[in-house]
Amino acid sequence: MSVRFWNSYVSELDRRAGDCGHFSRPTEDGSGGLHFDGPEDNNLSEIKASTRTPGVAWSILRLFGYGAMAIAFLATLAVNLYTLFQINRARTSVPWADQWAVVQELEQHARGAALWPILWSPYWGHRLVIPRLLFLADSHWFSFASLTWLTLLLQLVHIGFLIALAWMLLGRRSTALFIIAVIVILNLMLSPFQMENFVWGMQTMFPLVFVAATGAFLSLSLGSTNHSGYLLSLCVAFGIVSSYTMPNGILVWPVLVLQSIYLRQKRKGVLALGGIGTLVIVSYLWRYARPLELGMGMGGILRHPIDTIMLLALILGSPFRFTIPADVAVGMLALATTGYVLIRALFSRAQERRWSSTLFALILFLFLSSLTLIAGRLTPEFLHLDSKDPLPSRYFTMICLFWVSIGLLALSTVQGRRLRALLLGFYGLLFASLMLASVNRQLTDAEDWADFFLATDAVGSAFVLDVPDEQLLSVLWTSRPQREELILFMRQHALAMFHEPRATWPGKRVSALFQTSPDRCVGAIEKTVGVVGSSWRMEGWAWDNNASRAPDEVLFADANGRVVGLARGGLRHGYFPGFLIDSNSSPPWHTRFRDSEWLGYVRQGGDSDPTQLSLYGLFRNEGKVCAIINGG
């Protein structure tokens with residue numbers, strides 16, 4: 001297909017959508033749509049000549065275009081649903097890694113320590129004021145349960161903000177471009193690349209800092225026309241939330257000042273934003289200390305600009321997962337092209353400043369956030385790692401949002417230029433590779449992270465039963481004295497796993513806890529590992545033949561029918577990511593039952609044989625158990 005014919009095709013799409021070059025339909029403030037202000041592509045006669053395509057050919061092209069969009073939309077929804085399913089199955093209130101530091105702060109506050117010093121104290125370069133308030137509220141009202149629901153809610157709100165922005169930029173001019181924008185937003189904002197942040201209750205801060213920043217930019221844009229005090233107050237509130245959530249949040253304020261200048265607001269409003277921002281930034285940096293062992297620092301960024309540019313390119317190119325040099329090359333191309341498009345759009349006289357300012361502000365904020373990541377976490381050594389995944393997955397919330405912003409910019413500015421076909425082709429290849437070529441890897445990431453937190457939940461049974469399995473408990477928190485002290489605190493205050501129903505089951509009869517359904521489950525104990533005394537780590541499998549699914553929990557009962565052990569079901573055979581991976585054993589016949597494995601613990605007195613215990617499969621939604629018959 002020739003470039004000229006593609007230009008004609010896009011021009012016809014523009015004309016049918018009511019927007020042809022610089023003759024775009026006026027918007028509410030009287031300006032045209034967001035596009036470059038350059039020489040006219042074609043005069044009226046050229047437009048007429050170029051759009052004389054055969055009716056059948058045009059219909060085929062149109063059908064092909066909408067068919068491709070429908071397939072992409074359905075594929076995106078399928079990945080989104082899979083991601084949501086994995087998030088749901090991975091919920092756990094068992095603390096992991098930095099969550100133990102949060103529990104330590106809760107213990108200090110419970111012992112009478114003042115709240116403000118705890119809220120204000122830096123933690124690995126972060127002032128987690130808002131996240132700490134959330135954790136405190138969670139411990140008070142929800143007994144330190146998982147906050148994955150809040151993380152997902154914030155991400156859905158952010159998706160709503162971005163779709164609204166896409167509608168204002170594209171929806172009133174081109175339905176097709178708006179649909180493409182929605183596909184990009186849904187695909188990347190719910191991408192399994194972000195699974196670590198989606199399923200780990202500690203990571204609510206990552207979606208929060210960015211949704212608050214986007215909310216601030218949108219509120220300023222909305223309030224710029226009618227000068228609404230409510231919207232401007234909302235802008236300030238969003239900015240404060242973003243600032244006291246993570247370090248990059250303070251960058252909201254200089255970006256807001258630039259956005260207000262771009263919107264040609266009154267000097268008084270610009271100075272007010274600048275004054276509030278200065279106070280917030282100064283308060284944040286008061287007695288602030290950056291961990292010197294991490295990142296290049298601002299001095300390093302200034303002294304090593306080439307390394308900084310390459311690290312910026314690596315951040316943007318890392319989702320492609322080629323090799324580090326290839327990822328850097330892709331990131332460089334994307335940065336250079338996007339910089340060119342952005343600069344031309346910024347100085348266009350025909351664009352609508354109200355909504356484009358939000359997009360420009362978001363891109364600038366993400367660019368500056370990437371610089372803070374380099375200053376605070378990355379060094380040039382990352383460019384030489386022998387890995388296809390040099391960056392921790394927690395940073396992909398920012399990276400995916402960065403690509404969404406680039407996509408919106410590309411879709412908003414490619415109209416009305418001779419280079420639009422080349423730009424569309426370039427960005428089309430990038431986004432097709434980013435969103436579609438890595439689907440298998442994304443699905444694998446989603447399941448692996450979900451299985452890790454399922455195993456974390458299973459290891460939580462060791463805390464409930466007081467089984468000292470140091471091999472696996474050290475994965476959750478390495479310091480045994482600290483861990484035991486914090487476990488005692490959580491047990492006394494019924495927090496986390498000690499607030500769950502399973503914490504009350506040991507010692508009670510199974511028949512007193514649940515109704516037993518007719519025999520329908522099969523399974524077996526496959527492996528026992530003695531821990532200390534009469535405590536064992538147990539592995540096995542279980543399956544409900546009627547429902548064709550694995551039980552959520554497995555209960556172990558002694559000869560008197562009393563619960564002496566707990567296990568978590570729904571795992572893969574010999575594969576507990578981050579804990580245990582048995583790659584040498586040959587897969588048994590029951591692996592045809594998907595996710596039928598369980599992991600748990602038993603603690604009972606005497607010298608009894610744990611393999612002689614009775615097993616029961618529990619299905620939470622039913623509130624029933626089924627006796628597990630030995631399936632070999």
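Biologist: In which sense do strand 1 and strand 9 pair, and over how many bridges?

Modeller: Strands of a sheet pair through backbone hydrogen bonds, either parallel or antiparallel. In this predicted model, where local features need pLDDT of at least 70 and side-chain atom pairs count only at pLDDT 80 or more, totals for chains, interfaces and linings use all residues. Residues are numbered from 1 along each chain as its sequence is written, and side-chain values use heavy atoms, with hydrogens and water left out. Strand 1 (residues 515-530) and strand 9 (residues 624-630) pair in the parallel sense over six bridges, two strands being paired if DSSP finds at least two bridges between them; strands (E, at least two residues) and helices (H or I, at least four) are DSSP runs numbered from the N terminus. Val625 in strand 9 is the bridge partner of Thr516.

Biologist: What runs 1-2-7-4-3-8-9?

Modeller: That order belongs to a closed barrel of seven strands with mixed pairing.

Biologist: At what angle do helix 15 and helix 17 pack?

Modeller: Angles run from 0 to 180 degrees between N-to-C directions, and axes are lines fitted to C-alpha atoms, for helices over the stretch in contact. Helix 15 (residues 305-317) and helix 17 (residues 353-376) pack at about 115°, their axes 10 Å apart. That makes helix 15 roughly perpendicular to helix 17 (65 to 115 degrees).

Biologist: Which residues of helix 15 meet helix 17?

Modeller: Thr308, Leu311, Leu312 and Ile315 do, against Phe367, Ser370, Leu371, Leu373 and Ile374 in helix 17, where contact means heavy atoms within 4.5 Å.

Biologist: What does the protein chain average in pLDDT?

Modeller: The predictor's confidence in each residue, from 0 to 100, is its pLDDT; the chain averages 85, and 88% of the residues score at least 70.

How values were computed: Parallel < 35°, antiparallel > 145°, perpendicular 65-115°, else oblique.
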